[in-house]
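Visitor: Could you take me on a close look at one strand and what surrounds it? I'd like the pairing first, then the packing.

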Amino acid sequence: MHTRKVIQIAWRGLAKNKFRSLLTMLGVIIGVAAVIIMISISAGTEKSIEEQITSLGSNLIFVTQNFSRGGFRAVGQPQGGGLVYDDAFAIAEQVNGVTAVVVEQESVATVRAGNVTLDEIEIVGSTSDLPSVRDMSLAAGRYFTPQEVDRKQKVVVLGADLAKELFGDATPIGQTITVGNTKLAVIGVFAEKGLVGNVDFDMRLYTPITVVFQKFTPSQFARIMGDRVRMIYVKVDGETALDHIILQIELLLAKRHNVNLEEADFAVTTQQDIIATQEATTSAFRNLLAWVAAVSLLVGGIGIMNIMMVSVTERTREIGIRQAVGASPNDIRWQFLTEALLLSLVGGLIGAAAGIGGSWLFGLLGGMRTVIVPQSILLAFSSAAAVGIFFGYYPANQAAQLDPIEALRHE
């Protein structure tokens with residue numbers, strides 16, 4: 001029998017019980033949609049993390065403190081157990097292939113300008129190379145200079161949205177704002193950068209890190225141990241071997257901190273290291289979600305098998321008549337297998353549409369980003385087809401093995 005004829009007969013068989021066929025497909029629809037939505041949520045999370053890391057700049061090495069190792073050193077020696085501000089200068093001066101070094105120190109304070117008061121505004125203390133290292137551009141004014149950092153000049157550069165909140169349409173350049181109890185002169189405004197991850201770059205203010213040390217994060221131990229910093233950003237020459245620069249940084253800091261590399265009180269990583277770690281975590285999460293969603297497909301397959309068994313029982317006399325007029329057992333088998341396959345394929349198509357729409361709607365209304373992965377659609381649709389074939393074969397084989405005489409006698 002021609003394939004087209006088999007499909008026509010199978011479709012007419014399903015069309016006789018439209019509502020029952022739709023209910024049978026429901027499990028497949030839910031399973032396919034769940035697979036697509038779950039993977040899109042995972043991919044969206046992974047993409048957000050990657051963008052957050054790459055938004056820090058390009059060709060970066062991150063030097064972070066490691067409190068799990070080392071301890072305090074004698075007075076006059078660099079301390080173990082963390083990084084200090086002077087470590088950044090040492091890296092910039094003594095490591096070949098480094099083009100810029102930036103240190104950031106964060107704090108939070110109330111900001112006032114005229115009659116406007118904003119609470120819990122993030123203060124970022126940094127060095128003069130921040131715009132080039134972090135790929136940030138100025139919309140107006142300028143950034144502070146190394147001399148202003150050294151002299152602890154009370155100047156500030158505002159994020160785009162913060163400038164609008166404080167000054168509206170007025171020009172912020174040359175104005176004075178009060179941060180906590182400290183007055184700072186506005187010398188620049190950054191161009192819009194937007195929200196990356198959980199960080200709103202446009203609602204931050206940037207001031208020399210020495211001002212932050214002095215006014216916003218004073219430490220009674222700084223005179224002895226140096227001003228502690230959480231992270232040092234190192235921008236490297238793209239033509240220099242990254243591993244070589246990392247080794248230079250590790251040897252330099254190990255010597256400064258008087259520690260062995262095996263017991264280092266710091267960690268040196270790259271953007272790709274962080275992205276790879278995050279991808280491994282989200283990949284495990286994505287696989288878990290995919291397996292959970294696959295259970296729905298399994299349930300849908302069992303539903304198809306169940307309804308096909310019922311269909312074989314209900315249509316036993318029809319099978320006998322078809323066999324009597326010349327249909328072979330293989331023709332009967334293909335008819336019912338095609339019916340099961342149509343149920344799963346149509347359910348897969350509807351589920352794919354529901355999954356794409358659900359992913360878009362979830363990303364629009366929910367708090368998490370979603371990214372539709374084309375491979376997930378193909379995977380879910382292929383899985384639906386496989387479910388139809390696997391769970392449809394047994395009922396189809398049962399129908400093919402019916403005795404024509406017994407089938408014709410069936411009421």
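Guide: Start at Leu60, whose bridge partner in strand E13 is Lys235. This is a predicted model, by the way.

Now for the side chains. Look at Val234: leaving out residues up to four places away in sequence, it touches Asn59, Leu60, Ile61 and Val63, and also Ile91, Val98, Ala100, Val101 and Ile249. Several of these names come back in the largest nonpolar core, which has 46 residues. Val63, Ile91, Tyr206, Ile232, Val234 and Ile249 are the ones with the most contacts inside that core. Helix H9 (residues 242–257) gives it the largest share, six residues. Apart from this core lies another one, of 28 residues, with Leu14, Ile39, Ala352 and Ala380 among them.

Leu14 also leads on to a cavity: together with Arg20, Ser21, Ile307 and Ser311, Leu14 lies nearest the centre of the largest cavity among its 12 lining residues. Helices H1 (3–15), H2 (18–54), H10 (271–314) and H12 (329–365) each give two or more residues to that lining. The space inside is about 90 Å³, and the lining splits into four nonpolar, five polar and three charged residues.

How values were computed. Residues numbered from 1 in each chain as written. Predicted model: local features only at pLDDT ≥ 70, side-chain atom pairs only at ≥ 80, totals over all residues. Heavy atoms only, no water. Core = buried A, V, L, I, M, F, W, Y, C linked by side-chain atoms within 4.5 Å. Buried < 20%, exposed > 50% of the residue type's maximum accessible area, 1.4 Å probe, protein only. Helix = DSSP H or I, 4+ residues; strand = E, 2+ residues; numbered from the N terminus. Contact = heavy atoms within 4.5 Å. 1 Å grid on protein atoms, 1.4 Å probe; cavity = no way out; pocket = protein on both sides within 12 Å on 5 of 7 lines; lining within 4 Å. Points joined across faces, edges and corners; volume = space filled by probe spheres on them. Nonpolar A, V, L, I, M, F, W, Y, C, P; charged D, E, K, R; others polar. Pairing = 2+ DSSP bridges.
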